[in-house]
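The sequence and the structure should be kept in view throughout.

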Amino acid sequence: MSSRDRPGAAVLRGVGGYLPPRVVSNDDLAALVDTSDEWIRTRTGIRERRFADEGCATSDLAVEAGRRALASAGEPAVDLVVVATSTPDRSCPATAPLVASRLGLGAAAAFDLAAVCSGFVYALAQASAAVLAGLHRRALVIGADQFTSIVDPRDRATSILFGDGAGAVVVDGGDPDEAGSLGAFHLGSDGSAHDLITVPAGGSRVPHREVVDASDAYFRMDGRSVFGAAVAAMSSSSRRALALSGWSVEDVDWFVAHQANERILRLVAHSLGIASEKVVIHLDRAGNTSAASIPLALAAYARTFAPHERILLTAFGGGTTWGAATATWPRLVVQDL
């Protein structure tokens, strides 16, 4: 593809999401750990989440979300698949090639991207860049995580927060003025804070054979520190993305942030000056689904958004990593969750 033939913008063409059928309420968790529905709701905004059944892997969630996104886009040919996940089926190989194969996408390029809860924004940025550069014509971007596979069910600090799910979008080239066009991205990281959100064991630093404390194989998070860091990073990154897009805060019709904690979402929106009625809340039904949370929220609100409405996306995750992006909402066929 010559530079003359390259698209002027990357454009959203389809969206889909999948939540496994098993609903786990706050009361269900209260029977397992010292907590209550009122305690969880008032501190997080979460009322229920979905757990994958035994035998269901991250690839199973990703395939279903990908299938729905492709149907929403009209079943187009795809030559790139990016799966953002921190819970791949296996540490080796990547999950994305399996997902591409099961979706019948032939020899499409496929790779995983690990940025924890920022994963979808990072993956969307990479897909957008690949399309704009002419490296690929059309990409399927999936955020999929099964955090119940790495969270200690006895740990009240983390077990109440997470659910399983996957969300996906289809991206190809188009015009900056058309509905669905992606605007600017801003991405960042701070590796000095890598211990704030971590699974201590299982990598090359602490191989499984050297694990002494079994709890080191589970996900850990310093919630108090993450709260403040997330608010600061998402607020700053959002401002950068808005400035790069030439948007003002008043231009934003919908604010779709990583669905970690409702208080965090409200504080970031308040910091930016975004009205509360513009804040998308999906965590009450799904919990924190990590890389899946933003595309799941997009899929859940697909009938609420109108073509050309302006959307601000932002996320914060382990690494630590963060990012933000601007987009307009496309004209598409809506697939139910």
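Two strands are said to pair if DSSP finds at least two bridges between them. In this predicted model, strand β4 (residues 80–84) and strand β5 (residues 109–113) are joined by five bridges and run parallel. Within this pairing, A84 has L113 of β5 as its bridge partner.

How covered is β4? Five of its five residues are buried, where buried means under 20% relative accessible area. In a regular strand the side chains alternate between the two faces of the sheet. In β4, L80, V82 and A84 lie on one side and V81 and V83 on the other, and all of them are buried, with both faces of the strand covered.

These pairings belong to a wider arrangement. It is an open sheet of five strands in the order β1-β7-β6-β4-β5, and its pairing is mixed. Strands β1 (9–18) and β5 stand at the edges with a single partner strand each, so one side of each has no neighbour in the sheet. From one strand to the next, the twist averages 20°. Helix α10 (residues 293–300) lies across β1, β6 and β7 (164–174), and runs at about 85° to β1.

The UniProt record, in an unreviewed entry, lists residues 111–191 as "domain: Beta-ketoacyl-[acyl-carrier-protein] synthase III N-terminal". Over residues 111–191 the chain is 22% helix and 38% strand, and the C-alpha atoms at the ends are 23 Å apart.

Attention may now turn to another sheet. This open sheet has four strands in the order β8-β13-β12-β11, with mixed pairing. Its edge strands are β8 (182–189) and β11 (254–257), each of which pairs on one side only. The twist averages 10° from one strand to the next.

Which strand does β8 pair with over six bridges? The partner is strand β13 (residues 321–328), and the two run in the antiparallel sense. In this pairing, H186 has A324 of β13 as its bridge partner. Helix α5 (residues 119–132) packs on the sheet, where it touches β8, β12 (310–317) and β13; the direction of α5 makes about 125° with that of β8. Another helix, α8 (residues 262–272), lies across β11 and β12 and runs at about 135° to β11.

A further annotation from UniProt, also in an unreviewed entry, is "domain: Beta-ketoacyl-[acyl-carrier-protein] synthase III C-terminal", which covers residues 243–329. Over residues 243–329 the chain is 30% helix and 23% strand, and the end C-alpha atoms are 19 Å apart.

Terms used. Residues are numbered from 1 along each chain as its sequence is written. This is a predicted model: local features need pLDDT of at least 70, side-chain atom pairs count only at pLDDT 80 or more; totals for chains, interfaces and linings use all residues. Side-chain values use heavy atoms; hydrogens and water are left out. UniProt positions are given in the numbering used here, feature names are shortened, and annotations may be inferred rather than shown by experiment. Axes are lines fitted to C-alpha atoms, for helices over the stretch in contact, and angles run from 0 to 180 degrees between N-to-C directions. Contact means heavy atoms within 4.5 Å. Buried means under 20% relative accessible area, exposed over 50%, partly exposed in between (1.4 Å probe, protein chains only).
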